[in-house]
Amino acid sequence: MSAAKPGFKGLKLTNTLTRSKEDFVPIDPENVRMYVCGPTVYDFAHIGNARPVIVFDVLFRLLRHLYGSEHVTYVRNITDVDDKINARALRDYPDLPLNEAIARVTEKTANQFHADVKALGCLEPSVEPRATQHIDGMISMIQSLIEKDHAYEASGEVLFDTASMPAYGGLSKRNLEDQKAGARIAVDEHKKSPGDFVLWKLSTGDEPGWESPWGRGRPGWHIECSVMSEHHLGKVFDIHGGGLDLIFPHHENEIAQSCCAHDTDKMANYWLHNGFVQVEGRKMSKSEGNFVTIHDLLEPDKFGGRKWPGEVLRLAMLMTHYREPIDFSVKRLEEAERLLGKWPEVIETDALPSGEVMDALGDDLNTAAAIQALHALAGEAARDPEKLAVYSASATLLGVAPVAVDIASLDTGSIEARIAERLAFFEVKNFAEADRIRDELVSEGIQLMDSKDSETGKRVTAWEVKR
C-alpha cells in the first residue's frame, strides 16, 4: 500500500518535535496509526476543543484517501476519571453517592460530545477508549517505571522521576533547571524534583478508586494516554496530535512515561499541534463571559443572537491554517455561511479530489488554501455539471460538503412521538431523560427549538433537519 496518487506531491507535516516540516513516511503503510487526546468529560466541549477534533478529522480523511480506509487506525480517547469530574459531580448532584453522580456527569457529557462532533461533520475514530477501561494497564506501566528506577513512592503518591530521563523536555524544549529555579519547593517537599509528576494517587473512601500495590487510588492524567495509545497503536506509532496547550506538561510527560517504560527513544514519529482559539479578540474564559461551547452554537440565541449549523462552524475553523491562532467571531461565522451558500450540493461519486485541493492538504494540511481551491471548483461546478464530481470528491475530503436531505425519507411520526415524550419528561422534571432524547435526535440530524406558548406559557418544541 502506498500514498502515491496521480500527480500528488506527497504529504508533509510540521513536526513539533523537530520544529520542521517533514515528509510523512509511515512506519507501516498497511497500518497508519494516529492518536489524538480527546475530552475530559466533566463539561460540554467548547469551541477550543472543537478545533483539534475538526483538524484531525481532516487528517484522518486524508490518510484514509491516501492509504485506504482499512489501513488507517485513528484513536481518540475519553478521559472519564479526573478530579475535575469529581468536583462537577459533587456540584451538580450533591444528593447522590459520588460514584453515581460521576456516572451521571460522564454519561451526559460524553453523549453531548458525540452529538456535537457529529454535527460538525466529523467521522467516528477507529477506536475511542475510555480511561476507566485501562486501569490494569496503567498499574502495570507504573510498576514497570518503578522497577526501572523512573518512578518512586512518596506521601501516598507514585511520582515520575524526571531527573531519571536525560532527554526530558525534548518536545517542549523546557530545561529542568529552569523549572527548578521557578518552583515553590515548600509546596512539593515530598518530590525529589519540583518537576516530578503524579502517576498514581490515593483515593478517599468516597472517591473513585481501584486497588493497586500502592493502595486504593486512581491514576494521574498523563499515564492514561500513554497506556491507551500503546494498547491500541503499539509502543511507537506514527502521529500524535492535540492542541498547543498540551505540549507541556501533558505530551511531554506522555513521552517520558512511554519511552522509559518501553525502552524506546520516541513515542510517536510526528507530533502535530493546532493553534489557540480566542473569541471576538479575547482569550476565552468564563470570567470574561465569552466561554462558548459547541452546543451553544448549535442552539438558538446563544452566540450572535442565533444558532449556527455545524457545517458553518467546521468551515469557519478550516478557513485558517491549523497551526495559526483563530479569532472566533460572528463575522467569521457569517463569512463561512456566505461561502457555503454559494456552493452546490455534493453528489456521490468515485471521482478523485482535485489536484489543487490535494496539494494544499499535502502541504502541512493547509486547509485555508484547500478551501480557496474548493471555492473555485464550486464556481466551475455551478456552471458545468461535468465538474460536479471532482468538486464533490474534494468537498467530501474536507468534510465541508453541503448535502441535500430527503425529508420524505424521515419517519416524522417517530420524531413527533419522541418530542412529545421529551415534553412529558420535562413536565415531571426528569431532565436527564429529556436531555437523552434531545441528544439522540441531534445525533440523527434533527435540531430541536424550544419556546413558550404565548397563551399557556408551556414549553413547545419545533424541529428541523440540519443539513
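**Aromatic pairs, charge–ring contacts and an annotated site**

G195 is placed in the loop between α5 (176–181) and β7 (197–202). Helices (H or I, at least four residues) and strands (E, at least two) are DSSP runs, numbered from the N terminus. The model is predicted: local features need pLDDT of at least 70, side-chain atom pairs count only at pLDDT 80 or more, and totals for chains, interfaces and linings use all residues. Residues are numbered from 1 along each chain as its sequence is written, and side-chain values use heavy atoms, with hydrogens and water left out.

G195 has a relative accessible area of 15% and is therefore buried. Buried means under 20% relative accessible area, exposed over 50%, and partly exposed in between (1.4 Å probe, protein chains only). The C-alpha atoms of G195 and A163 are separated by 8.6 Å. Along the chain, these two residues are 32 residues apart.

Aromatic rings were examined next. Rings of Phe, Tyr and Trp (its six-membered ring) pair if their centres lie within 6.5 Å; planes under 30 degrees apart count as stacked, over 60 as edge-to-face and the rest as tilted. Eight aromatic pairs are counted by this rule. In one of them, the ring centres of F24 and Y270 are 5.1 Å apart and the planes stand at 55°, so the pair is tilted. F24 lies in the loop between β2 (20–23) and β3 (32–36), and Y270 in strand β10 (residues 268–274), so the pair ties together parts that are 246 residues apart in sequence. F24 and Y270 are both buried.

For F303 and F328, the ring centres are 5.9 Å apart and the planes are at 35°, so this pair is also tilted. F303 sits in the loop between α8 (294–298) and α9 (310–318), while F328 belongs to strand β13 (residues 326–328). The pair links distant parts of the chain, 25 residues apart. Both partners, F303 and F328, are buried. One aromatic cluster is formed by F24, Y67 and Y270.

Charges also sit over rings (NZ of Lys or CZ of Arg within 6 Å of the ring centre and within 35 degrees of the ring normal). The charged end of R64 is over the ring of F60, 5.1 Å from its centre. K192 lies over the face of Y152, 4.6 Å from the ring centre.

UniProt lists K286 under "binding site" in an unreviewed entry. UniProt positions follow the numbering used here, feature names are shortened, and annotations may be inferred rather than shown by experiment. K286 is in the loop between β12 (282–283) and α8. Its relative accessible area is 51%, so K286 is exposed. Leaving aside neighbours within four places in sequence, K286 is in contact (heavy atoms within 4.5 Å) with D43, R88 and F291.
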